[in-house]
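I opened the notebook today to look through one structure. My entries follow the sequence and the model.

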Amino acid sequence: DVRERTLIAVKPDGVQRRLVGQIIQRFEQRGFKLVGLKMLQVSDDLLSQHYCELRTKPFYPRLLEYMTSGPVVVMVWEGHKVVQASRTMVGHTNPLEAQAGTVRGDFSFHVSRNVVHASDSLEGAQREIQLWFQKKELLNWDCFDQILTCE
Ligand code: DAT
Ligand code: MG
């Protein structure tokens, strides 16, 4: 499905460290299509919905504190198998286990400062995109690059 979409967010540490451009570059370079992008200061309410599955975890309060400590840049990327591909590009949740060449493997060393978020499944991506973006904020634009239109 070339219309598959996923949600990628540069977390506050990534914004602070000026990594936004390099992260966007990796997705563009791979051939995925950017269909939504914005910067925002996240509310506790949005985050508690985003991370609802983690609310019983001991690290959850610190996770909320970190994620609201500054602006995030959130994006929707589109393309064939983009959910799976972007998880691979982002790397293991714990940067110490993330391969070199992944965003986390190249730019971070601690699980509580792992630079970027990527949806972990098709269903998760759909849920998160709806949570973070209004329909009108996502653009369907024509792409004339062949690699993006092959199944
Ligand atoms: P991912 O972000 O790879 O999808 P996740 O959904 O399991 O990982 O967790 C969401 C975020 O919560 C993760 O990016 C960083 C934080 N986190 C996860 N496990 C943690 C831990 N053991 N200690 C501190 N923070 C953790
Ligand atoms: Mg996750």
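**Entry 1: the ligand**

Which residues surround ligand 1? I found Lys-11, Tyr-51, Leu-54, Phe-59, Leu-63, Arg-87, Thr-93, Arg-104, Val-111 and Asn-114 around ligand 1. To be listed as near a molecule, a residue needs a heavy atom within 4 Å of it.

I noted how I must read the model: it is predicted, local features need pLDDT of at least 70, side-chain atom pairs count only at pLDDT 80 or more, and totals for chains, interfaces and linings use all residues. Residues are numbered from 1 along each chain as its sequence is written, chains are lettered from A and ligands numbered from 1 in the order in which they are written, and side-chain values use heavy atoms, without hydrogens and water.

Next I looked up polar contacts (pairs of N or O atoms within 3.5 Å; within protein, one must be able to donate a hydrogen and the other to accept it, and residues adjacent in sequence count only if both atoms are side-chain atoms). A polar side-chain atom of Thr-93 is 2.4 Å from an oxygen atom of ligand 1. For Arg-87, the distance from a side-chain N or O atom to a ligand 1 oxygen is 2.8 Å. For Lys-11, a polar side-chain atom lies 2.9 Å from an oxygen of ligand 1. On its own, ligand 1 has 510 Å² of accessible area, and the protein covers 75% of that. Such areas come from the Shrake-Rupley method with a 1.4 Å probe; for residues, only the protein chains shown count as cover.

**Entry 2: His-117**

UniProt lists His-117 under "active site", in an unreviewed entry. I keep in mind that such annotations may be inferred rather than shown by experiment. His-117 sits in strand 4. Helices (H or I, at least four residues) and strands (E, at least two) are DSSP runs, numbered from the N terminus.

Is His-117 buried or exposed? His-117 is buried, because its relative accessible area is 8%. The cut-offs are under 20% for buried and over 50% for exposed, with partly exposed in between (1.4 Å probe, protein chains only). I then checked contacts (heavy atoms within 4.5 Å). Beyond four places in sequence, His-117 touches residues including Lys-11, Tyr-51 and Arg-104.

**Entry 3: the cores**

A nonpolar core is a set of buried Ala, Val, Leu, Ile, Met, Phe, Trp, Tyr and Cys residues joined through side-chain atoms within 4.5 Å. The largest has 20 residues, and Ile-23, Phe-27, Met-75 and Trp-77 have the most contacts inside it. Among the elements that each supply at least two of its residues are strand 1 (5–10), helix 2 (20–30) and strand 3 (72–78). Helix 5 gives the most, with four residues. Another core lies apart from it, with 19 residues, among them Tyr-51 and Ile-129.

I picked Trp-77, in strand 3. Trp-77 counts as buried because its relative accessibility is 0%. Phe-27 is 50 residues away along the chain, yet the two C-alpha atoms are 7.9 Å apart.

**Entry 4: Thr-102**

Where is Thr-102? Thr-102 lies in the loop between helix 5 and helix 6. At 7% relative accessible area, Thr-102 is buried. A polar atom of its side chain is 2.9 Å from the backbone nitrogen of Gly-105.
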